[in-house]
Amino acid sequence: MSSATVSAVTSALGHWIAGQASTAGGGTLSLRSPVDGASLGQLPLADASVVDAAVRSAADAFAKWNKVPVKDRVQVLYKFKEIAQRRLPELATCVSRENGKTGDEAAAGVLRGLEVVEFACGLPALMGGEIMEVSTGVDCYTRRYPLGVVAGITPFNFPAMVPLWMFPMAIGCGNAFILKPSEQTPASPLILAAWLKEAGLPDGVFNIVQGGRSTVESLLDHPGIAAAAFVGSTPAAKAVFLRGTVAGKRMLTLGGAKNHVVILPDADPVLVAKNLTASATGCAGQRCMAASVAMGVGDCDGIIEAIAAEMRTVRAGYDMGAIISSTARDRILGFIDAAETSGAQLLVDGRRPELPSAKQGGNYVGATLIDRLVPGSAPVKEEIFGPVLSILRVGSLDEALAIENASEYGNAAAIYTGSGAAARYFEQHASAGMIGINIGVPVPRDPFGFGGWNASKFGTGDITGRDAVGFWTQTKKTTVKWSAPATSNWMS
Ligand code: NAD
């Protein structure tokens, strides 16, 4: 990123309300790039009065936007997608700078998010209601209505993609939207806001308030907000779900993950080594879909050695990106230290990566592979959110499934095998919402929805795909009779 571009991004840090940048609020937060520690400026934090201004702007905009027919609303999304695709490198550079992931990873995340925009462009087909003659001469039909002002609260690990999971469907359905991005990655969503305006979205339909927990709480407590979606860690997802629900809002909150992968002895070692390494070290392991615990069934020594060899080729600071903060890096190192002390075997040790000189001030952990762990130990149970793959040796597929089923989470689970019967058995018995069969990152793409089970999700339905139409709308059922039938019944 050139210094001119960096300063353009950082000088823009602030809220986005009624189509304008704003730096109002109470207090600021200093931001540093995880890539090299360079200052990214001061982020203004929204207090309750800033949140209220955003809600009022959104409510004013909603009054007009919800009267625009859906076929016209999605014209804005078509234009937005064209702009985003054309100017992808600008956004990818910003994501990479503030989040630490590589440029390729940043671009891939944005492109995945733009698939949701494509899906939302089909809302004229998706939003249609049903009609049926329910009694002689009596019709019942349904029509979907938007909810009003709605909010989205997002994590640091996909600064553009996770907001893109939410707002295209929400505004395409006719709502006005307020985004509260992670306070660690606030700049990328501002680029999305500017592109939406350029695409012709009326001011106030999309707003951003910056801040942390207290900003979220102001949103959840505001009576002008009808619904909120959240993506982040499980403790926050649970707290946000409960607070929003008590305040009478429709809530869907996605939480953390601990994804288990089963390797059967008949799995293809080359495929497993490449896939698992990419899954565990992509985005430096800071993905809710990352492989985290690999369970080798029976004699898997050769496959595990192949994974170790592949992980040794990944170089932090070169082909693997940074960890979001020094606090997060130290937490990851703590898991590795504790595993070593407990007697587990460090097949690949990423605690002291050799970095390029320009990145010495950044936050990095190298790819790490820990073997001979025991079920219930911290690296097997807790979400590490770093490039660390833990290995358990198990005697059977049922033993592996029992360990997977005991996890509090349930985002993704995967199996590597050449046996269709074993794969089908695994799919039926794993306790997770997204299953991979010979796939390391089993993200369901639209029209399939993204969402886990257990403590990886609170609420009903998935955040993307067809369920998103249901989440961001409410249905009116109308019963009509225009002519008196010859015979009357209870509905006459
Ligand atoms: P986080 O929970 O710390 O923060 C997420 C958002 O919630 C941020 O906007 C933050 O400001 C806000 N927040 C934090 N604590 C809060 C609280 N107590 N009350 C209200 N709001 C709060 O998560 P993070 O560190 O930004 O992101 C990483 C986490 O997100 C990981 O656990 C990861 O698994 C999870 N994640 C899940 C999915 C999924 O689809 N399930 C996708 C991406 C990330």
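Reader: Which residue in β6 is the bridge partner of Ser-135?
Author: Val-138 is the bridge partner of Ser-135 in β6. Strands here are DSSP runs of E, at least two residues, and helices are runs of H or I, at least four, numbered from the N terminus.

Reader: What kind of model is this?
Author: This is a predicted model, where local features need pLDDT of at least 70, side-chain atom pairs count only at pLDDT 80 or more, and totals for chains, interfaces and linings use all residues. Residues are numbered from 1 along each chain as its sequence is written, and side-chain values use heavy atoms, leaving out hydrogens and water.

Reader: What sits between β5 and β6?
Author: Two residues, in a hairpin; Gly-137 in the turn has a positive phi of about 75 degrees.

Reader: What is the strand order in that sheet?
Author: β5-β6-β20, an open sheet with antiparallel pairing; two strands pair if DSSP finds at least two bridges between them. β5 (131-135) and β20 (473-481) are at the edges with a single partner strand each, so one side of each has no neighbour in the sheet.

Reader: How many bridges join β6 to β20?
Author: Nine. Cys-140 stands opposite Thr-479 in β20.

Reader: Switching to α13. Which residues are buried?
Author: Ile-332, Leu-333, Phe-335, Ile-336 and Ala-339. Buried means under 20% relative accessible area, exposed over 50%, partly exposed in between (1.4 Å probe, protein chains only).

Reader: Where do they fall around the axis?
Author: Within an arc of 150 degrees, so they line one face of α13; the arc is that of the directions from the helix axis to the C-beta atoms.

Reader: And the face turned away, what exposed residues does that carry?
Author: Thr-327 and Thr-341.
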